[in-house]
Structures are given as C-alpha cells and as structure tokens.
Amino acid sequence: MNTQFKKGVLELIVLLSVNKKDMYGYELVNEVSKVVNVNEGTIYPLLKRLTNEHYFETYLEESKEGPPRKYYRLTESGRKQKKLLLAEWTTFHEQVNAFIKESENDE
Amino acid sequence: MMNKEQFIAYMNQHLAVIKEDERKDIIDEYINHIDEKVSEGMSEEEVIESFGNIDEMIKEILDAYNIDPQQAKSTASGFDKKVNEVLDVLFEGFQSFLSKITSMDVDSIVRLMFEVLVVLLVLAILRIPFEIMESIGASLLKSLFGYGIGSTFAWIWHLICSILYIVMFIVALINVTSRRWTHFKRKQNTPIMDDVKESFNFEQAKEAVRRFTEGASQTAQEEASDTDSSDDSDEEQAEKTTKQGHRYSYEAKHDYENHHPSLLRICMQIFGFLFMIPFIMTIVVLCCLLAWLIAMSFQGVTVIGFYFLVIGAIIGCSAVISLIDRYLCKGGH
C-alpha cells in the first residue's frame with residue numbers, strides 16, 4: 001500500500017486505539033499493525049510527536065514480565081484531535097468513494 | 001545487519017541533538033520492543049530489520065521535535081554536543097532577533113534605532129557624575145588611609161562604582177526600551193502584516209504571507225488550547241510554539257527579501273546587523289575564553305572562579321540578546 005496513504009491515516013488509528021484504552025508502546029504497535037501493514041519502527045516517532053503535541057500523556061505502570069511499562073493516555077486536546085481527524089477522514093472517504101462511483105458510471 | 005548494542009549506539013549517536021532524558025525515553029521504547037519480540041522468538045537482528053530504514057526513522061524522531069535532520073547530522077556526542085547546544089541557542093536567539101528586525105518596516109526600524117541612540121547618549125552623559133564621584137571618592141580614600149592601603153581601597157571604590165554604573169546602565173536601558181516599545185506600539189496601530197501584504201504583488205509572495213499568517217494563527221491556537229494544561233507542559237509548549245513561529249516568520253521573511261529587495265531595506269538590515277555586533281563579539285570572546293579556561297584546567301591549573309564568571313557572563317549576554325529579542329517579538333506579533 002502507498003506509504004503516503006498510510007502516514008496520513010496512521011495518526012487517526014493510533015488516536016482511536018488509545019481512545020479505547022490506555023496502551024503501552026509495544027501493545028499499541030501490535031494493535032496498529034493489525035490494521036495497516038507498517039514498518040514497526042515508524043510508530044514510535046509518531047507516538048513521540050503526539051506526546052510532544054500534548055495529545056497523549058504518559059505514565060509508568062509495573063508489569064509482571066519485566067521493567068515498568070510506559071502507558072499512553074489520550075488527553076482532552078487528543079480527544080479533540082481525534083474527532084477532527086475522524087471527521088476529516090469521513091468526508092474525505094465519502095468524497096473519494098462518490099468520485100469513484102461517478103467515474104465507474106462513466107465507463 | 002545490526003544487533004541491539006549497535007542499534008542503541010547508532011541511535012544515540014544520531015539523536016545526539018535531543019536532550020538526554022528525552023533521547024533515553026525514545027530509545028527505551030525501541031529496546032522494549034526488541035526485548036518483547038526476542039521473548040516471542042525473533043532474533044535481535046530480525047527485529048531491527050523489521051524497523052525498515054533506520055535513517056528514515058531517525059528523521060521522523062527528529063521531526064517530532066521540530067529539528068531539521070540536516071542540522072542534526074553535523075552534531076557529534078559528548079563535549080562537542082554541549083558546545084553545539086550552547087551555540088545553537090545563541091545562534092537561534094541571534095537569528096530570530098535579526099529576523100524580527102528585518103521583518104519590521106523601514107520607518108519603525110529607523111525610529112527604534114534613533115531612540116536607542118538617544119538612550120545610549122543619555123547614559124553616556126550620565127557617566128560624567130559617576131566619573132566625578134569615583135575620582136573624589138578615590139582621592140578621599142587615598143588621603144584618609146595613606147598611599148598603601150588607600151590605593152587598595154580606591155581600587156575597590158572604582159570597582160564598586162563601575163559595577164553600580166553597569167547595573168544602572170542595564171536597568172535603565174531595559175526600562176526605557178520597554179516603555180518606549182509599548183508607547184511605540186500604541187502609536188502605530190497598523191500591524192506589520194498589513195505593510196507586508198501591501199508591498200507584495202507576486203503570487204508566490206502572497207503564498208508566503210499566507211503561510212506566515214497560518215503559522216501565526218496556528219501558534220495562537222496552540223497557545224490558546226494549551227492554557228488548560230499543566231504548568232510545566234505549558235512552558236514546553238510555549239517554547240515549541242515560539243520556535244515554530246520563528247520558523248514561519250523566518251520563511252516568510254526570506255521570501256519577502258527575495259521578492260522585494262529595496263536599497264533602503266538592505267541598508268536597514270546591515271544596520272541591524274551592526275547593532276548586534278557588540279553582543280556577538282562579546283559572546284565569541286567569552287566562548288574563546290571559556291575554551292582557554294577549559295584547556296587550562298586540563299593542564300591542572302585551578303581556575304574555577306574564572307570559569308564560573310565566564311559562564312555567568314555568557315549566560316548574561318545571551319539573556320540580554322533574548323531580552324531584546326523578546327521585546328521585538330512582542331512588537332512583531
């Protein structure tokens with residue numbers, strides 16, 4: 001799949017995933033990989049950016065298996081951003097689909 | 001093919017521009033990822049392979065901090081990094097100051113320069129009573145205590161007077177500048193943006209203005225949305241947004257210069273640059289001195305006192321630059 005496509009939608013998927021429940025990095029990467037086939041290394045920079053932009057806040061929690069894990073939680077502005085992106089995506093998706101239908105009818 | 005150790009070393013080297021705790025934070029995420037995958041039965045090399053292009057990844061991490069990867073490339077680790085950080089801060093302050101000066105309209109620059117000159121003149125005249133006070137005090141001390149101890153006291157007296165004068169000088173300068181600045185802003189209600197807009201006709205330049213306003217509104221928006229979050233994150237965000245603002249304003253200014261090279265403007269730019277020279281020179285000299293002191297301390301000479309003085313002076317100097325910059329910043333937006 002086109003990497004530019006993926007990049008745009010990745011942020012939305014990450015925001016939606018964390019909105020469901022707080023997640024730690026590796027868990028989030030696995031969750032996202034289920035939806036889009038993406039280089040796993042590229043998700044962490046995105047998490048960092050979203051944290052720097054205050055869409056996420058982080059906290060540490062002990063784990064049974066190893067060192068404490070860093071969990072990501074959606075902030076209020078993160079929720080706003082999620083809504084915004086979701087709305088953008090929905091209109092974009094509808095417009096593109098409508099256009100595809102239209103061009104199919106022409107053929 | 002890289003193993004975990006090599007990967008960590010590579011990341012550390014290429015992310016050297018990022019603050020240590022932040023760098024550790026992001027690298028820890030990758031280490032955790034590798035450990036989890038290894039516990040699921042993959043080898044370290046395979047996991048790192050699955051990250052894809054590592055340089056691309058590093059670029060994205062730097063991007064998350066608004067750092068230009070090209071700039072980051074030249075930075076090394078350890079002591080060099082510290083020096084680079086200091087220089088970066090200084091350079092950034094200087095650059096944004098310059099961009100603020102050059103993005104003002106010609107008229108206001110002339111007026112500002114004139115006012116600064118007047119203030120400097122007044123302060124130079126104020127030096128006279130200080131001079132008189134100094135020499136009277138010194139001769140009094142000499143006649144009271146005799147030549148031996150008297151001259152020592154006189155020297156101390158000179159020092160006190162000089163420090164007093166410098167403190168007064170700085171306080172007065174800052175005071176006058178800030179007062180003049182607010183006054184100046186009230187008198188001139190038309191924002192600089194309008195002037196800029198008026199002076200362009202080119203389509204491309206309009207694009208630059210659009211970008212500039214977008215940048216400014218984005219900055220304002222982010223700042224507004226940020227007021228409800230916690231204090232220290234506020235600070236961080238503010239820092240980031242001003243950086244972003246600078247970036248935008250710098251871009252816009254750059255485009256502006258390309259399309260509108262009037263002679264008077266260039267003169268003003270040169271004048272603004274000349275105005276900054278004493279500050280830059282001071283910093284350069286202080287940096288050289290610092291380097292020399294460090295070299296001295298390697299040779300075993302204890303110069304800790306001087307060391308702190310020089311560092312203090314560097315910080316003071318950059319504070320002055322950023323202070324001037326902040327006043328100009330207020331006027332700019």
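How many residues of chain A are in contact with how many residues of chain B? Working from what is a predicted model, I found 15 residues of chain A in contact with 20 residues of chain B. On the side of chain A that touches chain B, α2 (25-35) and α3 (43-52) of chain A each supply at least two residues, and α3(A) gives the most, with 5 residues. I then sorted that side of chain A by class and noted 4 nonpolar, 8 polar and 3 charged residues.

Next I turned to chain B as a whole. I counted 12 helices and 0 strands in chain B, and of its 333 residues, 17% count as buried. When I looked at the contacts in chain B with a separation of 6 or more, I saw that 71% of them come from residues 24 or more positions apart.

I then followed one helix of chain B, α2 (residues 20-39). This helix has 20 residues and reaches 28 Å from its first C-alpha to its last, close to the 28 Å expected at 1.5 Å a residue. After α2(B) comes B:Gly41, whose phi is positive, near 110°.

Which residues of α2(B) are buried? I listed B:Ile26, B:Glu29, B:Tyr30, B:His33, B:Ile34 and B:Glu36. Tracing what the buried residues of α2(B) pack against, I found α1 (4-14), α3 (44-50) and α4 (54-64) of chain B, together with α2 and α3 of chain A.

Terms used: Residues are numbered from 1 along each chain as its sequence is written. Chains are lettered from A and ligands numbered from 1 in the order in which they are written. This is a predicted model: local features need pLDDT of at least 70, side-chain atom pairs count only at pLDDT 80 or more; totals for chains, interfaces and linings use all residues. Two residues are in contact if their C-beta atoms, placed from the backbone, lie within 7 Å. Helices (H or I, at least four residues) and strands (E, at least two) are DSSP runs, numbered from the N terminus. Ala, Val, Leu, Ile, Met, Phe, Trp, Tyr, Cys and Pro count as nonpolar, Asp, Glu, Lys and Arg as charged, and the others, Gly among them, as polar. A residue is buried if 20 or more other C-beta atoms lie within 10 Å of its own, exposed if 12 or fewer, and partly exposed in between; C-beta atoms are placed from the backbone. The expected span of a helix is 1.5 Å times one less than its number of residues.
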